[in-house]
Amino acid sequence: MSDLFRLNNKGRINYDKPISFRFDGKIYQGYEGDTLASALMASGVRIVGRSFKYHRPRGIFSAGVEEANALVQLGLPPYEEPNVQATRVEIYQGLIARSVNAWPNAAHDLLAIVGLAKPFFVAGFYYKVFKWPSWKFWSPVVRRMAGLGTMPKEADPDDYDHCHAHTDILIVGSGPAGLAAARAHATSGKRIILVEQNPELGGSLLYERDELDGRPALDWVADVEQRLREMDNVTLLTRATASGYYDHNLITVSERLRDHKGPGVDSHMPRERFWHIRCKQVIVATGAIERPLVFPDNDRPGVMLASAVRHYVNRYAVTPGRKILIATNNDDAYRTALDLHEAGVQVAGVVDARSYPTGDLVKAVSKAGIAIFDGHVVTGTIGRRGVKSATIAPINLNDNILAENSQTISCDVVATSGGWSPVVHLHSQSGGKLRFDEKHQCFVPREYVQDNICIGAAGGTFDLAGCLRDGAGKVAIDLPKTKSINTGPLAPLWDIPTNLDNIRHRKRWVDLLHDVTASDVALAARENYASVEHFKRYTTTGMAVDQGKTSNVNALAILGQATNRTIPQVGTTKFRPPYTPITMGAMAARSAGKLFSPLRHLPVHDWHHKHGGQMEDFGGWLRPFCYRQPGESEHDAITREVLAVRSAVGILDYSPLGKIDVQGRDAAEFLNRFYVNNVKTLKVGRARYGLMLTEHGTIMDDGVFVRLAEDHFWLTTTSGGAAGFVQWLNEWRLCEWPDMDVVITSLTTGWGTISLQGPKARDLLSRLETDIDLSRDNFPHMAVRCGILEGVAARILRTSFTGELGFEVNIPLSYVTAIWQKLMAVGEDLGITPFGIEALMIMRTEKGFIHVGADTDRSSIPDDVGFGPVARKKKDDYVGKRSLFRPDAIRDDREAVVGLKVIGKIPLRIGGIILAPGHVTAPAPMEGRVTSSYMSPSLGRPVALGVIKGGSKRLGERVKIYDFDHIQEAEIVAPCFYDQKGERLNV
Amino acid sequence: MKITCPWCGERGEEEFIHGGPSNVERPADEKNSDDEISDAQWAEYLFMRENIKGVSCERWGHIHGCGQWFNMVRDSVSHQIHFIYKMGEQPPEGWEDVNE
Ligand SMILES: [Zn+2]
């Protein structure tokens with residue numbers, strides 16, 4: 001059963017290593033060297049999948065990356081991969097695959113009923129049919145019926161790596177041209193990397209029966225490979241696809257290290273390496289891809305590319321059928337006839353659109369006694385589950401009409417060739433231009449923008465001797481001798497005439513993967529989607545997994561015919577990376593899971609964790625939300641923490657606070673240009689709270705800045721804004737004011753910060769050994785003192801974000817844990833209580849201190865947070881100042897921060913909308929919104945901040961607030977609910 | 001792209017940030033009093049950029065390297081980098097015509 005279609009030749013198959021695998025639940029057998037496609041073909045599996053929209057049965061179409069039909073869901077969770085081309089899967093023991101878009105399987109697909117709904121899915125169906133009631137209504141239905149594989153649900157367990165390399169020459173492709181190039185340049189001593197997408201070198205020589213120097217061409221390949229492998233300056237990468245070509249000759253290559261061994265095997269190695277290779281020169285030897293002819297019912301299982309047929313015969317020793325008809329408009333497909341004949345497979349004939357073809361290959365076919373139907377084309381195929389016969393008819397190419405006298409030929413495969421398209425993808429991605437080659441009817445490279453060159457078939461050279469010569473370039477090397485073959489010209493044939501009634505309404509498929517037909521192309525043209533970029537998106541031609549490798553040129557030509565334009569006039573769409581699909585894992589590499597966005601740990605992380613700290617992500621730092629004691633709810637913990645700070649003392653790991661050291665003769669003048677406050681008048685030893693603006697006048701960040709000496713400042717920023725602010729200062733220093741004597745150093749992660757807050761904060765800090773005078777008179781609020789604390793250098797700020805007496809103790813990071821533990825030990829009888837971010841946020845809201853990013857957004861200016869007078873009064877210029885005088889900044893209905901005194905006992909919901917006066921419920925014009933809101937443990941009632949048009953001018957007004965569930969009422973008040981006079985700060 | 005930092009040498013573009021055109025003059029630096037700068041002048045400085053297709057002078061920061069900023073004459077179409085020069089220096093004579 002398994003070797004039903006196996007031939008007697010050897011191919012590249014290792015018959016000593018049988019491999020069993022499973023497809024759609026059945027067990028099959030193949031051999032080492034087989035792809036999933038060749039092994040299925042050997043077992044006689046004809047239907048391998050169902051089409052994207054209509055669920056038409058589809059068979060193997062090609063033997064490579066251009067495959068449009070044989071897509072499978074490969075592997076089982078967690079190693080699943082959707083939409084894998086069976087032609088690219090090397091089989092391994094235990095492989096499991098199933099067809100996509102079919103249920104229960106490809107052979108018997110109950111969803112094929114959708115085929116009856118064909119009129120729904122014409123070009124542009126997304127935009128037409130599903131307009132009513134809405135696409136949202138239809139999309140679940142359509143997504144169930146149409147589509148391909150299914151998204152894996154589990155995380156990918158494999159590892160991937162990024163690799164970087166530099167090379168003098170990168171050669172892409174190891175066919176005759178690429179190998180000749182490698183040989184030519186290898187002896188120069190230059191660094192060379194050769195990448196090949198297949199497991200073996202050789203390119204087209206792997207499946208063509210060419211001879212070099214009178215020996216099989218693969219002997220030459222083996223010789224060259226051996227020589228290259230012996231050279232230290234040459235690196236060969238196989239199973240490696242050059243996927244993208246970027247600026248300055250940067251090429252990405254995805255190298256598959258162990259897919260061929262099966263999931264989980266050798267899992268100590270990465271599954272793929274994603275290379276970034278920077279090259280001095282790139283030699284593109286990526287070959288060409290054959291195009292099919294377009295004719296009615298050209299999607300039946302059994303219709304294949306002619307080159308693919310001989311690929312299976314010669315390389316995999318398997319035939320796709322017993323009686324094969326060949327349809328062509330060129331000489332090349334005659335090779336298939338000869339190879340089949342040689343392998344003992346019956347050729348039903350060669351149907352050649354050209355009259356009287358005369359090339360050497362044609363003669364050879366004729367001599368072998370194979371029928372040649374010249375001046376004929378295939379006009380249809382018959383067979384519900386695969387080709388059983390084909391009809392052919394004479395064609396007059398000049399007048400583009402078919403004659404009536406058609407005949408039926410029994411066959412099970414139609415091998416079709418419409419000519420070859422060079423693989424110009426990388427060239428196009430590099431920015432290179434294309435030109436249309438009339439002789440070969442294909443796009444070839446024209447103009448190079450980067451240092452690269454396309455050689456061999458990729459450059460439009462199709463004969464073997466020419467490919468070798470291209471490869472050698474200007475280097476004089478001995479090239480192997482080739483047989484010269486006289487080739488006749490190709491006759492353009494993009495779509496067959498439709499003057500016969502019986503074929504007019506049969507589907508002629510252009511894009512097999514996306515189920516686009518020649519009529520869809522014509523329809524798009526009629527609806528004026530004539531620009532190639534519009535056309536592509538409207539019909540979705542070339543937008544599937546295969547990216548239109550076999551369909552694009554045919555589609556362009558048919559679009560041209562429909563709009564009376566030549567192919568060059570139609571042009572091509574831009575080729576974009578990747579050339580073939582790349583796994584997400586390869587692109588993410590190690591930046592996945594925990595390393596996707598690594599979180600920073602606090603210096604006392606372990607302690608927090610051990611003492612009930614509920615660690616959460618706050619701006620990239622893992623910080624305690626609160627500390628839960630055994631049996632305590634989150635709410636209880638937060639309440640306890642707030643009350644402890646208000647009545648005794650709390651301790652907070654404030655280390656993520658941005659800390660920037662600025663020194664230099666011009667430090668004061670420099671910083672004065674960034675704060676809305678006056679920096680120059682600040683006295684040594686004192687601190688000031690300030691705002692920093694963008695040049696647009698909007699608030700960038702806030703924080704306390706202190707003067708440690710005349711020429712020495714210490715700035716704090718929000719933890720999220722720290723890195724950006726340092727970069728911002730440096731850009732101005734280096735680009736705008738390079739003559740100023742200033743040195744800026746970020747100390748955010750060099751120093752840790754322990755914040756002590758509460759009426760007993762001083763009592764607590766005094767219990768440590770220090771030379772700093774902590775007394776009320778000598779260390780007032782908003783002052784800074786430097787000294788020694790427990791033998792450690794310390795910078796202590798007397799500031800408060802809670803409204804209580806507070807000290808921010810800054811010490812070098814490595815001492816933070818020791819000082820923290822000491823404070824915890826000596827403060828026990830004072831009721832020292834560690835508190836988290838939530839308690840901090842509640843207390844600052846009780847006090848009406850804004851939180852940049854919560855109560856402000858990217859359009860807030862100082863006036864919106866009550867800093868208008870300060871910012872406008874300052875005489876000196878500073879970044880953003882002039883913008884505060886633009887009309888938009890001085891209008892009086894700006895949204896500004898206010899307090900919201902809630903009427904009732906339920907806190908407002910953050911994001912709740914303040915309705916315009918006179919409205920009692922939504923919909924209503926929006927006057928503002930709630931930005932911070934909590935239940936206050938200190939006051940026993942809800943507190944909130946919000947922004948509202950007109951801001952503090954509306955104090956005393958009652959407003960309605962809508963939050964999708966409730967309407968609540970609040971009074972606009974000054975933004976401070978607790979200790980309005982600030983007496984608790986000055987104790 | 002590969003960019004040659006004047007201090008560090010040739011590095012990958014991912015180490016750098018693009019800081020916009022290098023010839024934007026901040027009007028406030030020239031005059032000290034705000035009312036001398038009209039709204040139109042200020043808007044010109046804040047918002048109006050040429051968005052050159054072709055050869056342009058730009059400033060770039062080696063922010064994931066030495067942290068320095070420098071100027072670059074670059075073709076925004078081909079991404080060819082013609083000149084790199086330090087802050088405060090002028091581009092070489094005839095830089096506009098480098099493509100001709
Ligand atoms: Zn640098």
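Is A:Trp820 buried or exposed, and what is its relative accessible area? In this predicted model, A:Trp820 is buried, with a relative accessible area of 0%. Across all chains, 23 aromatic pairs are counted. One of them joins A:Trp607 and A:Trp820 in an edge-to-face arrangement, with 5.4 Å from centre to centre and 70° between the planes. Because A:Trp607 belongs to helix α17 (residues 605-610) of chain A and A:Trp820 to helix α22 (residues 816-826) of chain A, the pair ties together parts 213 residues apart in sequence. A:Trp607 is likewise buried, at a relative accessible area of 11%.

In chain B, the rings of B:Trp42 and B:Tyr45 form a tilted pair, 4.9 Å centre to centre with 50° between the planes. Both residues lie in helix α2 of chain B, three residues apart, or about one turn of the helix, and both are buried. In chain A, a cluster linked by ring pairs comprises A:Phe670, A:Phe674, A:Trp728, A:Trp732 and A:Trp737.

The interface between the chains brings 27 residues of chain B into contact with 23 residues of chain A. About 2,400 Å² is buried between them, 49% of it from carbon and sulfur atoms. Six salt bridges are counted between chain B and chain A; one of the salt bridges links the side chains of A:Arg278 and B:Glu14 at 3.7 Å, N to O. Polar contacts across the interface amount to 10 residue pairs. On the side of chain B that touches chain A, the elements giving two or more residues are α1 (27-30) and α2 (39-47) of chain B, and α2(B) supplies the largest share, five residues. By class, this side has 12 nonpolar, seven polar and eight charged residues.

Terms used: Residues are numbered from 1 along each chain as its sequence is written. Chains are lettered from A and ligands numbered from 1 in the order in which they are written. This is a predicted model: local features need pLDDT of at least 70, side-chain atom pairs count only at pLDDT 80 or more; totals for chains, interfaces and linings use all residues. Side-chain values use heavy atoms; hydrogens and water are left out. Contact means heavy atoms within 4.5 Å. Buried area is the accessible area (1.4 Å probe) that two parts lose on being put together, summed over both. A salt bridge is a side-chain nitrogen of Lys or Arg within 4 Å of a carboxyl oxygen of Asp or Glu. A polar contact is a pair of N or O atoms within 3.5 Å; within protein, one must be able to donate a hydrogen and the other to accept it, and residues adjacent in sequence count only if both atoms are side-chain atoms. Helices (H or I, at least four residues) and strands (E, at least two) are DSSP runs, numbered from the N terminus. Ala, Val, Leu, Ile, Met, Phe, Trp, Tyr, Cys and Pro count as nonpolar, Asp, Glu, Lys and Arg as charged, and the others, Gly among them, as polar. Rings of Phe, Tyr and Trp (its six-membered ring) pair if their centres lie within 6.5 Å; planes under 30 degrees apart count as stacked, over 60 as edge-to-face and the rest as tilted. Buried means under 20% relative accessible area, exposed over 50%, partly exposed in between (1.4 Å probe, protein chains only).
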